[in-house]
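Please look over the sequence and the model shown here, then read the notes that follow, which are grouped by topic.

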Amino acid sequence: MQPRNMSMSGVVDLAAVKAAGEAKVKAEQARVEAARQGGGGAVPPSALVIDVDEAGFESDVLQRSTEVPVVIDFWAEWCEPCKQLGPLLERLAQDYNGRFVLAKVDVDANQMLMQQFGIQGIPAVFAVVAGQALPLFQGAAPEAQIRQTLDQLIQVAEERFGLTGIVVDQDADAAEGAVQAPVEVPAGPYDALLEAAVQALDASDFPGAVQAYKNVLAEDPANTEAKLGLAQAELLARVKDLDPQRVRQDAAEKPADLAAQLAAADLDLVGGHVEDAFGRLVETVRRNFGDDRDAARLRLLELFEVIGPDDPRVVAARTALARVLF
């Protein structure tokens with residue numbers, strides 16, 4: 001059987017329309033912090049390839065897909081192409097080192113899953129991202145094509161859903177069962193700068209805090225603490241000199257004015273009116289086009305950072321944003 005559906009075109013829209021935030025979107029904070037802590041919370045390499053059945057599908061695939069893309073290999077013992085594709089996918093799961101997890105489903109033992117995915121022949125490969133199933137390809141395929149598809153899948157998962165994968169502890173399998181003495185975690189290389197940023201925030205020196213966080217991100221763009229802190233510091237800097245009454249009056253009188261709506265959303269968030277802030281920006285995205293629409297979308301994503309990706313209000317707002325974008 002020749003491979004088909006190798007292209008990832010349309011995957012972004014499908015994911016956004018159906019899910020875009022209905023599932024709990026895991027930000028990279030756990031991944032980065034685990035890495036900084038020397039592997040705390042990391043998984044062994046053996047956890048990158050798992051056998052899944054109908055009973056464990058929700059926890060092993062759907063829930064897991066909120067933090068890492070899950071690639072599903074539907075196979076059977078009698079399927080000769082499966083015997084070629086399966087080991088290749090297992091090796092790629094190790095090569096990608098936590099960027100996706102491979103779930104293997106024996107269709108003979110899990111007929112219901114096969115029917116739910118509408119599979120007509122095997123091997124068949126799907127992905128689940130943030131709880132949503134995406135068809136990848138059917139039949140055996142060359143490694144280069146599979147890698148290209150996986151790269152596109154990972155890009156979609158990261159850019160649209162914030163899924164950055166899981167940390168893999170390469171020594172975990174070898175050390176399984178061994179009792180290890182706890183080790184003291186040394187201070188990170190940016191702890192002093194981060195502490196300086198916190199002190200600046202406490203002193204209402206928002207420009208100083210912004211610069212301190214930017215200094216960290218200049219050297220370590222993936223530093224989650226710095227990214228979250230920067231979002232908070234920039235928000236506080238924006239609202240510091242605003243006249244709340246004037247801002248809200250302008251926003252009410254000028255619903256199409258981008259600057260007025262952005263300022264009002266900032267004030268809403270600082271005042272604890274999170275749903276109002278998110279709803280205002282979603283509506284602003286809906287009303288506008290081009291650069292103004294993108295500016296409103298980016299501000300909404302910045303405010304998501306302030307609240308945190310697991311907050312149900314963020315999840316709901318991601319869904320609403322996806323509906324107006326797509």
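Helix 11 is mostly covered, with eleven of its 13 residues buried, where buried means under 20% relative accessible area with a 1.4 Å probe and protein chains only. Helices (H or I, at least four residues) and strands (E, at least two) are DSSP runs, numbered from the N terminus. The model is predicted, so local features need pLDDT of at least 70 and side-chain atom pairs count only at pLDDT 80 or more, while totals for chains, interfaces and linings use all residues. Residues are numbered from 1 along each chain as its sequence is written, and side-chain values use heavy atoms, with hydrogens and water left out.

**Helix 11**
- The buried residues include L258, L262, D266 and L269, and the buried residues of this helix pack against helix 9 (224-239), helix 10 (244-253), helix 12 (274-287) and helix 13 (290-307).
- At 1.5 Å a residue, the 13 residues (258-270) should span 18 Å, and the end C-alpha atoms are 19 Å apart, which agrees; the expected span is 1.5 Å times one less than the number of residues.
- At the start of helix 11, a side-chain oxygen of D257 reaches to within 3.1 Å of the backbone nitrogen of A259.
- G272, which follows helix 11, has a positive phi near 90°.

- Five strands form an open sheet in the order 1-3-2-4-5 with mixed pairing, where two strands pair if DSSP finds at least two bridges between them.
- Strand 1 (49-51) and strand 5 (132-138) are the edge strands, each pairing on one side only.
- Strand 4 (residues 124-129) and strand 5 run antiparallel and are joined by six bridges, with V128 standing opposite A133 in strand 5.

Note on methods
Buried < 20%, exposed > 50% of the residue type's maximum accessible area, 1.4 Å probe, protein only. Contact = heavy atoms within 4.5 Å. Polar contact = N/O pair within 3.5 Å; in protein donor to acceptor, adjacent residues only side chain to side chain.
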